[in-house]
Amino acid sequence: MSSPLSALATAAPAAAAVLAQRYHMVRQRTVTLCQPLLPEDTVVQPMIDVSPPKWHLAHVTWFFETFLLKEYLPGYTVYHPDYAFLFNSYYNSLGSRVNRADRGTLSRPALADVYRYRAHVDEQMEKLLALADELPSDFYELMELGLQHEQQHQELLATDIKYILSTSPLAPAYLKPATSAPTGTNSAEAEAASLPEVSWLPVPGGISRIGYEGTGFCFDNEQAPHEVLTADFELQNRLVTNGEYLQFIEAGGYQDFRYWLGEGWDLVQTQQWEAPLYWMLHDGRWHRFTHHGLQPVNLTAPVTHISFYEADAYAHWAGARLPTEPEWEVAARYFGANPTTGTFLESNLLDPQPLPANADPTHCHQLLGDAWEWTYSAYHPYPGYVRAAGALGEYNGKFMINQMVLRGGSCATPVSHIRLTYRNFFHADKRWQFTGIRLAR
């Protein structure tokens with residue numbers, strides 16, 4: 001039976017030193033993300049989708065303890081008998097747990113105790129990695145999964161922290177404000193002169209293969225590569241910008257049901273959506289909450305924090321559509337997408353960046369990094385996918401219903417975590433991730 005890691009090339013014991021170095025780098029990045037926070041910030045859970053930063057810090061540690069230390073380090077005993085109940089996320093195979101909506105009630109253990117837990121597990125992992133020559137190949141597979149899992153939570157930490165701080169009446173900044181705040185304007189008609197030209201890039205149709213076929217790591221939902229048939233189509237050369245989306249707002253897009261799917265229009269009415277998440281009118285000008293606090297909307301930057309419904313409504317208003325998942329991957333392969341020019345977590349900007357004015361209009365920009373791109377494809381298993389047995393079979397497979405696929409990564413995704421075949425997925429109404437729009441036709 002296929003496992004979540006069957007596409008992962010077995011790491012050689014000789015690479016143990018490199019693996020240990022990667023382990024410490026990934027673990028330190030998580031701690032660094034939380035350093036600007038006050039202890040009080042790390043307990044807040046303003047909605048069910050957001051987990052408190054303290055919980056993230058403990059959960060990723062529990063993952064290493066549960067799947068690696070308990071299984072491979074002789075004589076290891078768990079750090080605290082209650083932590084499995086407190087910090088298990090959704091693994092039914094591993095027993096009961098705190099309800100997801102109640103993670104914000106965990107005032108104990110204290111943040112200092114969670115950091116001590118992390119230090120203990122890191123110390124024990126160092127001992128385990130010293131035994132590298134004696135460890136079986138499946139250890140290396142699980143080790144890689146643990147690192148990739150923590151990187152997933154780094155992106156969640158970045159977006160959860162932003163949402164948490166945005167709910168404070170004080171609108172506190174997570175990072176120091178940029179030395180020069182991005183320029184903003186109230187009129188979408190006054191497009192900034194630096195906005196690169198929009199162009200439509202043709203992608204030839206035919207039979208293509210999608211899915212992961214490499215020798216490195218991938219998640220199980222990328223497996224079972226297969227052939228797809230696409231017709232000729234065109235893809236816009238860059239992401240939709242704030243300025244372009246503001247035109248949709250000013251044209252009454254949120255007041256006209258004709259552009260919206262039924263469920264999306266219901267949400268517009270009941271949730272009183274008038275703009276992307278974090279946007280607000282302040283002193284007569286559009287601003288948005290960022291990791292640097294409240295800032296004027298930068299019209300040349302990609303629009304983010306958009307639900308699938310908003311992305312689809314904008315596409316209808318613009319006379320276009322969203323790409324399907326197969327179209328996106330076919331196009332990404334056709335244009336040779338790579339992460340070298342995108343904005344990722346390592347940039348420490350935590351905001352998608354505008355393209356330079358001289359960006360080549362014949363090149364497809366921002367396919368990897370900056371903002372996750374909604375596709376018009378449901379999150380389903382690829383043909384031939386088999387869910388693994390046991391707890392790790394719960395990692396992706398049980399979520400393959402009622403969600404939409406997003407592709408490409410974002411400004412909060414670690415650059416070493418993204419792949420051209422990476423399949424992210426969220427429910428159609430979710431807005432707190434760095435989700436954006438690329439048009440197709």
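**View 1. Salt bridges across the predicted model.** The structure holds 22 salt bridges, each defined as a side-chain nitrogen of Lys or Arg within 4 Å of a carboxyl oxygen of Asp or Glu. This is a predicted model, in which local features need pLDDT of at least 70 and side-chain atom pairs count only at pLDDT 80 or more, while totals for chains, interfaces and linings use all residues. Residues are numbered from 1 along each chain as its sequence is written, and side-chain values use heavy atoms, with hydrogens and water left out.

**View 2. The pair Glu 150 and Arg 118.** Glu 150 forms a salt bridge with Arg 118. Their closest N and O atoms are 3.3 Å apart. Glu 150 lies in helix α5 and Arg 118 in helix α4 (residues 111-129), so the pair ties together parts that are 32 residues apart in sequence. Helices (H or I, at least four residues) and strands (E, at least two) are DSSP runs, numbered from the N terminus. Side chains of opposite charge can pair when their charged atoms come close.

View 3. In contact (heavy atoms within 4.5 Å) are 29 residues of domain 1 and 32 residues of domain 2. The area buried between them is about 2700 Å², and carbon and sulfur atoms give 61% of it. Buried area is the accessible area (1.4 Å probe) that two parts lose on being put together, summed over both. Tyr 90, Glu 155 and Lys 162 supply 26% of the area that domain 1 buries against domain 2, more than any other three residues.

View 4. One salt bridge is counted between domain 1 and domain 2. Asp 49 forms a salt bridge with Lys 430, with the closest N and O atoms 3.0 Å apart.

**View 5. The side of domain 1 that touches domain 2.** Helices α1 (16-34), α2 (53-72) and α5 (137-166) are the elements that give two or more residues to this side. The largest share, 17 residues, comes from α5. By class, this side has 14 nonpolar, nine polar and six charged residues. Here Ala, Val, Leu, Ile, Met, Phe, Trp, Tyr, Cys and Pro count as nonpolar, Asp, Glu, Lys and Arg as charged, and the others, Gly among them, as polar.
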